[in-house]
Amino acid sequence: MCVLLPVGGHALLQGHTPRLLVLVLVVALALSLCLALTRRRLTDTQLLAAFAAAQAAYHATSAT
């Protein structure tokens with residue numbers, strides 16, 4: 001979740017993606033992640049893996 005706003009900002013600043021599409025994708029991804037991550041209690045290892053994956057996704061999208 002903490003990655004979605006910067007990724008959306010990068011997509012908007014690059015100007016290649018329509019604003020409404022970026023908004024819809026960010027909201028859809030945020031909603032699905034919230035539903036998936038709040039249905040059960042995560043262990044410390046699972047939580048760390050989720051944070052690491054989010055950070056890697058941010059770096060992968062902002063590198064372009």
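For the chain as a whole the mean pLDDT is 75, with 72% of the residues at 70 or more. Where pLDDT is low, the predicted coordinates should not be read in detail.

The secondary structure consists of 3 helices and 0 strands, and the elements follow one another along the sequence in the pattern α-α-α. Of the 64 residues in the chain, 9% are buried. The accessible surface of the chain amounts to about 5100 Å², of which 71% is supplied by carbon and sulfur atoms.

A nonpolar patch is present on this surface, formed by L20, L23, V24 and V27, and these residues together contribute about 390 Å² of accessible area. Within this group, V24 is located in helix α2, and V24 is classed as partly exposed because its relative accessible area of 47% falls between the limits of 20% for buried and 50% for exposed residues.

Helix α2, which spans residues 19–38, also contains L37. The relative accessibility of L37 is 39%, and this residue therefore likewise counts as partly exposed.

Notes. Residues are numbered from 1 along each chain as its sequence is written. This is a predicted model: local features need pLDDT of at least 70, side-chain atom pairs count only at pLDDT 80 or more; totals for chains, interfaces and linings use all residues. Side-chain values use heavy atoms; hydrogens and water are left out. pLDDT is the predictor's confidence in each residue, from 0 to 100. Helices (H or I, at least four residues) and strands (E, at least two) are DSSP runs, numbered from the N terminus. Buried means under 20% relative accessible area, exposed over 50%, partly exposed in between (1.4 Å probe, protein chains only). Patches are made of residues with over 30% relative accessible area and no salt bridge: like charges are joined within 9 Å, nonpolar side chains (Val, Leu, Ile, Met, Phe, Trp, Tyr) within 5 Å. Accessible areas come from the Shrake-Rupley method with a 1.4 Å probe; for residues, only the protein chains shown count as cover. A salt bridge is a side-chain nitrogen of Lys or Arg within 4 Å of a carboxyl oxygen of Asp or Glu.
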